[in-house]
Amino acid sequence: MPFYLFLFVFTPFYMFYKKIILFIIAVFGLLLFFKTDYYANWIDRFILNPNTTVEEQMSKTSVEERKEYRFGNLYTLCQYMKKTLDTTSFKNGEPIVLLPPNDYLKAKGVETFHMAEPAEFYYHIGVKTVWTTHPDAQKANWAIIVTGKNNIAFIPIRTTAERQQLLDMYKNYKPAL
Amino acid sequence: MNFIGLLFLLVTQLITGRGLMQLCKVQIRPLLMFCFSMISGVAIFSFLPFFIELLHLPITMTSVATAIGITTVAFMLPLFAIIKNFKLPSFNDIKLPTLYELPFWVILGLLMALSIWRCYYYPPNARDMLSGPEVLADFALKEKHIINSVFTVDLQSTNNYLKPPYIISLQIIYKLFVQPFGQTWLSILFVNFIIILYTLLKEKLHPLIIGFLMLYFFAMPEVFGYTYLMLFDYSNMIFLFGGFYFLSRYFEEMEVSNFRFAVFLFAIATYIRTETLIIEGMVLPLIFFYQYKDKLGAAKSWIRMGLFIIVPFIVYFLCMNIYIKHFIPVKYDVSNDINKNLGDVSFFLNRLYDIVDKLIFADHLPYYGYFPHLFFIIIAVDIIFFRKFNKEAITMLYGILVVYIGLAFIGYLLPLADLLHTTKRGMFKLLPLILIYYRSSPSLVKLSGIITNWENGRQEEKKTTSAKPQAAPARATKK
């Protein structure tokens, strides 16, 4: 028998009814609280979070799965970059990847992807990336480029002319988050 | 997840924190002692990999475990003094919840469990972490130094590598001992902090009122998010709150033990966010006022005020003038970040206005829910109908004012401290101060008394003057 039910049965009612009234106030207060638009919205969007349940998360607990889940597109791109760099026959010293400015991505209709900072790429795969304004941009031998609406590609830069062409394309866009 | 590693850290942090509190000779109830020991232990451990780096030693499992071992043993020494008189702590003040507390405990418990789960499950995701402390901690484990190859990367779009090494150090320890994403230390701080708040409120208020207050406190979307999203501000809030709480205890009885511990907590708050030093400087007039009022000798008074600012300043100096200046291989001069047009105070006044207009009363999304609104109502009732505030209430109100003005001043002094990031999260600092103010709020104390009297029946009415405070251990007054 639950503890409170036990108390309820064996305690004289007059000693307990005030606690029941306070209990009812607490329950109604809570219901009222979470019925207000603001808190109902908070619970819906951030706590219950219908897109992902805790059960779903519990079925994916490996480090890689958790990273994929949290970092989304960026992490997928990073893994693709790493795989490409590991398997490519194009070896031209330490890879330095030229990042397109985010304003350029927007201008070209890439809405599903936002370029992270070089430090974040380094965190995920240990590969150096540079913004267009960094001195090492002149040494970039790989690049992330836009190939169409919501499409990007990871390509090697084989010649100085190719690199300069990319830098010229980006020169009117400030690299920023 | 390595549960043995977690257990090892929990035990060593508890011993270290408890040893520190014994050194300070702090006397508080066992449950509060436990929680404050735990958060102090986390704070002390956050210096270990940092010191290993300062000594140019490699950061490895062996060196970190050795540092933890030495620290734990060192802080265990003061505990030997109390072992001969050791009695099992009486946890009489821990009572089963009453029936009407249960709905709140269930809701708050579920929210805490969700926070702990997310803290464990999600990798650190905040941009400020991934371009600073988290990446440095990750590569510190690979390359055995905090100053590592991350500094060869293009860092022009970030300055997050210039933050004090509080999170870097804790991440190194928790990645080594607990799980690859570290971060679990945040849940340890969070849980202990919530227990502290609840316990303190329960000393003076009726549980039904506490339930609603805690609910409002939890349901601040902006704040709750940072219980599992690793950043500096939640930790900063906890330690600054602790500092103000022990300062208020000091003002009540002029007990130096509370003052010592308050200074430690303020120093940790500075370690986490160095600009907190400005806010602490603004607390000095209050200390001066109470020490003068209590006729503390001039020499003692000045020495304590000096200590109050010097200890956090040493921590500030260690971070800014030793670590950042001499260890970080990127030139940084804080003076470059200072507002070049200090004569124009309109920016300061605008920031004061914007905090209220755009953060507290934001139309579309009040960042802190209706928690501040509740405060404005309660303080208005207290001022209009009661106008009687004890030292604790005054300390908390002073703290709230100082944080508010201090944040605007920081924004004015350092334009990089923008409204919607730095100031918005800086405002966390005043939220627990509001909560602790409530336990001294004349209107809420009176309301608690009325409910308690009604609940306990008329025959006890005379015995109960207000919501019955639970007995705190006798404290010797030592000026």
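Begin by selecting helix H13 of chain B: 16 of its 17 residues are buried, so the helix is largely enclosed by the rest of the structure. A residue counts as buried if 20 or more other C-beta atoms, placed from the backbone, lie within 10 Å of its own. Helices (H or I, at least four residues) and strands (E, at least two) are DSSP runs, numbered from the N terminus.

This is a predicted model, in which local features need pLDDT of at least 70 and side-chain atom pairs count only at pLDDT 80 or more, while totals for chains, interfaces and linings use all residues. Residues are numbered from 1 along each chain as its sequence is written, and chains are lettered from A and ligands numbered from 1 in the order in which they are written.

Next, select B:Ile173 and B:Leu431, which touch the most other members of the largest nonpolar core, a set of 167 residues. Such a core consists of buried Ala, Val, Leu, Ile, Met, Phe, Trp, Tyr and Cys residues joined through C-beta atoms within 7 Å. Among the residues that B:Leu431 touches are B:Phe217 and B:Met237.

Now display both chains: 38 residues of chain A are in contact (C-beta atoms, placed from the backbone, within 7 Å) with 34 residues of chain B.

Finally, turn to strands E3 and E4 of chain A, which run antiparallel and are joined by six bridges. Strands pair if DSSP finds at least two bridges between them. In this hairpin, A:Asn150 takes a positive phi near 60°.

Methods: A residue is buried if 20 or more other C-beta atoms lie within 10 Å of its own, exposed if 12 or fewer, and partly exposed in between; C-beta atoms are placed from the backbone. Two residues are in contact if their C-beta atoms, placed from the backbone, lie within 7 Å. Lists of a residue's contacts leave out its neighbours within four places in sequence.
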